[in-house]
Amino acid sequence: MTKFYPRWFTHEQQRILLPNILFGPDRMSTVWRAVVAPNDDTLYTSAVIGVRHEPAILVIPETTATYGVLVLDVYGDIINTNISTDSGGTYAFTGPGWRGKLPPNVIRVPLPVTSATLIIRTDKFSSDGENQIAIAEEFRRSLRMGPLLAYLRGSLRETLIVPVFFYGRSFKRDADTLIATNPIRFLEELQRAVKSIRTPPLTGENRILSERFDRLFSRGGFERVFARATQDAHAAIIRNYLSNTDENNWINFRNIGFWGRNYLDRSSITQFCQYCNDIEKSAYYDVFLDKDGRRLNGASGGYTITFERDQIPQAEQFWSVTSYIAGTISLVPNPKDKWVVASYTPGLERNRDGSITIYATPTPPRGVSKANWLPIPKGDFSMMLRVYGPQGRVADGTYVPPPVKKIDRRDTGRRPYSGGGSW
């Protein structure tokens, strides 16, 4: 299961989607659960690229917005496209072996597969904190995509903006539940996903493994063995992610999208950080434990993260910290609809020594700038530090985020804190 685990997710996520249609949510919300750990730093645009019959055309307009383009196969491996994000252009995704002729000024982007996922993230703020949401929204709405024939007819579609509840199903929760309660059904669904027309044909040892599995599975009599093995594999996928910690209990994978034969890491990332960028574009640090190794839980009152002056993440764009509910790894409901504290957050305050303290509490603490407050649930949760455009120690892999410290009401740290309350 470890090799093919990501395919269950992409198969289920793409079942109702037509290829080569760009779409994005009308807003970010706690309703979003379709992909784990969504960010509120960027505006999302995505599409399923389908090039089985003809090329797919993507038109990117000239813009002052900052955006990134990510293309992945159905297992989550990143496909290098060399699409420029410095200027607009018209691109043609072509499938394996395609030898047709493209119109002038259309840049060919050959794909090794006939089906892939396209994700375009557009920054809502500039590196110096300027609000660019309007520019980002205009940009994503002006993107156009469709099959080559539609391009020739002048009928490419602009991005379809859909209600956020379209993203409401938690595929992670469904997978977790199904594996725990009915692992044989999960295997049956995984089999169908691997045999889907959108799945690249298996070759070599992967084909041998799949065929052997099919023979044993269809023969029957091994249900208990398969069920136990599936649950054991799932536990190993989760354990591999949660155990990959540094001295301050932050989790950081630097091989996202380029795993080679490390299928366990690939499956772990699907479980906790599906569709994350590679290390050149973004660095991700995930934390589930405080500095003493105890599970993060908002019922304890709250926590602080203090970035010393020389420990503030170096980024070409910006950095941010987001909190998530355990289980679904979805955004935390709160009256302010606030899900992130970032370098661009208006009013973010520094301590007198130049450090920055983030207060992660269920309710806004008195005496603390609301900009420095990160809402958390009154239960288990996690936090993710993102660094967009890694530089310095973040880029070279030597950076370690500061520890997450439980708030001691007798020693409130460098800023006044009285617990609870409201603004």
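This is a predicted model: local features need pLDDT of at least 70, side-chain atom pairs count only at pLDDT 80 or more; totals for chains, interfaces and linings use all residues.

Student: What shows where empty space is left?

Tutor: Rolling a probe the size of a water molecule over the atoms shows where empty space is left. In this case, a search of the whole structure finds four cavities of 30 Å³ or more.

Student: What volume does the largest cavity have, and which residues are the closest to its centre?

Tutor: The volume of the largest cavity is about 110 Å³. Its lining is made up of 14 residues, and the closest to the centre are Gly 76, Trp 259, Thr 270, Gln 274 and Tyr 275.

Student: Which helices each supply at least two residues of that lining, and how does the lining divide by class?

Tutor: At least two residues each come from helix H1, spanning 5-14, and helix H8, spanning 263-273, with H8 giving the largest share, four residues. By class, the lining of the largest cavity holds nine nonpolar residues, four polar ones and one charged one.

Student: What can be said of the second largest cavity, its volume and the residues that line it?

Tutor: The second largest cavity has a volume of about 50 Å³, and the residues that line it include Tyr 241, Phe 253, Cys 273, Asp 286 and Met 384. Two or more residues of this lining are given by H8 and also by strand E12, spanning 282-287. The lining of the second largest cavity has eight nonpolar residues, one polar and one charged.

Note on methods: Residues are numbered from 1 along each chain as its sequence is written. Side-chain values use heavy atoms; hydrogens and water are left out. On a 1 Å grid over the protein atoms alone, a cavity is a set of points where a 1.4 Å probe fits but cannot get out, and a pocket is an open set with protein on both sides within 12 Å along at least five of seven lines; lining residues have an atom within 4 Å of a point. Grid points are joined across faces, edges and corners, and a volume is the space filled by probe spheres set on the points. Ala, Val, Leu, Ile, Met, Phe, Trp, Tyr, Cys and Pro count as nonpolar, Asp, Glu, Lys and Arg as charged, and the others, Gly among them, as polar.
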